[in-house]
Amino acid sequence: MAKHYETVFILNPVLSEDQVKEAVKKYEDYLVANGATMVVKEDWGLKKMAYPIQNKKSGFYSLFQFTTEDGSIINKYETEFRRDERVMRFLTVAMDKHAVSWAERRRAKLNIKAN
């Protein structure tokens, strides 16, 4: 049975729009190439952070929700984030049935289409 995951990551605000798209595409391609199925991808844009990270007060936020049969790709996926200097922070969480239900209701409310 496929397990649901959600990742939010923050990219450095000094990146250009093309560099942000390239970084987001890299992580999306990584998941798909390793057998994950992308449920939804949201780009939240440049947002102010609650506290400075690396002396920066804002960053480009992105959210991925995906499913995978193979949970072992998560460690390798997070290693890719750690190695990338463009990524300031990231968090991947496994979603239980309540989180999946809440995410579906949120997407319906915001009229966001799943892939």
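**Close-up views of a predicted model**

View 1. Helices (H or I, at least four residues) and strands (E, at least two) are DSSP runs, numbered from the N terminus. This is a predicted model: local features need pLDDT of at least 70 and side-chain atom pairs pLDDT 80 or more, while totals for chains, interfaces and linings use all residues. Residues are numbered from 1 along each chain as its sequence is written, and side-chain values use heavy atoms, without hydrogens and water.

**View 2. The largest nonpolar core.** Such a core joins buried Ala, Val, Leu, Ile, Met, Phe, Trp, Tyr and Cys residues through side-chain atoms within 4.5 Å. Of its 20 residues, those touching the most other members include Phe9, Tyr27 and Tyr77. At least two residues each come from β1 (3–11), α1 (17–33), β3 (56–68) and α2 (73–83); α1 gives the largest share, six residues.

**View 3. Strand β3 and its partners.** Here, ten of the 13 residues of β3 are buried, so this strand is largely enclosed by the rest of the structure. Pairing takes at least two DSSP bridges between strands. β1 runs antiparallel to β3, joined by nine bridges, and Phe9 stands opposite Ser62. Strand β2 (residues 37–53) is also antiparallel to β3, with eleven bridges; Leu46 has Phe60 as its bridge partner.

Note on methods: Buried < 20%, exposed > 50% of the residue type's maximum accessible area, 1.4 Å probe, protein only.
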